Amino acid sequence: MRYRRPIRMNRITTSERNIIRRLAPVLATGALVVLAACGDDSAATDQPTDTAGTIASPDTSSTVPATTAGGVAGFEHPTGTDDVVVEIIYEGGLVPADFAFRNLPTLLVSGGGTQFVLGPQIEIYPGPMLPNVLTSDIGEEGVQTLLELAADHGLLTHKEYERNDMVADAADTVVRVYANGEVYEHRAYALGMGTSPESDGTETGDRAELQAFVEAATSQMPMDGTPFAPETFLLMATPIDDAIVADIELSTTVDWTVDTVALADAAECLAVPAADVQELFAGSNQATYFTDGDVTYQVAAKPQLPGDSC
């Protein structure tokens, strides 16, 4: 099961309520949906990093103009279906390698106006092997409204955020915004816990603005989107001792039946066509292990989202 540390959020301001009201027509037809590393900001974080940890260069060859087709001033942003415009994700913390590999954004909006959100997860163990990713279309209007929200909270500038080093093993809240030919990465460690014991979890300054953006962006998350049907899955396969598997509650071991894929080739990351593995994964869960040849593997799998790659 996925576990995410609760985030303490500030109260939505009147300005944010006005923005959310403007989202209402979009939400009625497909809605603004929001998909959820210890580290610090530096000049290097101005470059986007995909969820597999690979530096990704945005496609700046195709952007919307400063004035949209409707004549309304807007923000430039990548427009490709595989481009990312806004991403909110939680990275790092004390988690196993397979958990970090499977980690997906809470919100991801592509250049084509498609939003990806993690839908409801079944509360059983072992849960399904594949995550429940939902999509919906927010169009250019929804993209522009989200970018305006980011601008209102000062996220269209490069910033470094004060750390709370009194908290151990927390995750970074990471917001990436691709706009106006720039990539703005905002990374705040233990967001929602303040920066000192005296703060009592209350954020101030830039950390409060980042927290307020995340709250406002995720406050309207419907869970009735269309199940995402990926063309590609990304896999990481780790050899595991059979004795360890036997000690794992409710574990099962099955044969790896995909002749086109060798799990030995997926030690770090391997992209495979969804059609080759969909049926096998659909019948598996988080306690399913696979035998390929004479080796048993633990397989972490996730759908390939825009901006992600091996």
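A residue is called buried here when its relative accessible area is under 20%, and exposed when that area is over 50%. That cut-off comes up several times in this talk. The structure on the screen is a predicted model.

I'll start with the aromatic residues. Phe233 has a relative accessible area of 3%, so it counts as buried. Phe281, at 1%, is buried too. Searching the whole structure gives 5 aromatic pairs. One of them is formed by Phe233 and Phe281, with ring centres 6.0 Å apart and planes at 85 degrees, which makes the pair edge-to-face.

At Tyr189, the charged end of Arg163 sits over the ring, 4.4 Å from the centre. At Phe101, the residue over the face is Lys302, with a distance of 4.8 Å to the ring centre.

Next, the sheet. It is open and has 7 strands, ordered β6-β5-β1-β2-β3-β4-β7, with antiparallel pairing. For β7, pairing with β4, residues 133-137, is antiparallel and runs over 2 bridges. Thr135 has Thr226 of β7 as its bridge partner. Helix α4, residues 205-218, packs on this sheet, where it touches β1, β5 and β6. The direction of α4 makes about 110 degrees with that of β1.

Now strand β2, residues 107-110. β2 runs antiparallel to β1, joined by 4 bridges. Across that pairing, Val109 in β2 is the bridge partner of Val86. Strand β3, residues 114-118, also pairs with β2 in the antiparallel sense, over 3 bridges. There, Leu108 has Phe116 in β3 as its bridge partner. The hairpin of β2 and β3 has 3 residues between the strands, and Gly113 takes a positive phi near 85 degrees.

On to helix α3, residues 139-152. Its 14 residues reach 20 Å from first C-alpha to last, close to the 20 Å expected at 1.5 Å a residue. The buried residues of α3 include Val143, Leu146, Leu147 and Leu149, and also Gln144 and Thr145. After α3 comes Gly154, with a positive phi near 75 degrees.

The last item is Tyr125, located in the loop between β3 and β4. Is Tyr125 buried or partly exposed? Its relative accessible area is 42%, so it is partly exposed. Leaving out residues up to four places away in sequence, Tyr125 touches Ile248, Glu249, Leu250 and Ala287. For Leu250, the separation along the chain is 125 residues, and the C-alpha atoms of Tyr125 and Leu250 are 8.5 Å apart.

Terms used
Residues numbered from 1 in each chain as written. Predicted model: local features only at pLDDT ≥ 70, side-chain atom pairs only at ≥ 80, totals over all residues. Heavy atoms only, no water. Phe/Tyr/Trp six-rings, centres within 6.5 Å; stacked < 30°, edge-to-face > 60°. Buried < 20%, exposed > 50% of the residue type's maximum accessible area, 1.4 Å probe, protein only. Lys NZ or Arg CZ within 6 Å of the ring centre and 35° of its normal. Pairing = 2+ DSSP bridges. Contact = heavy atoms within 4.5 Å. Axes fitted to C-alpha atoms, helices over the stretch in contact; angles between N-to-C directions. Expected span 1.5 Å × (residues − 1).
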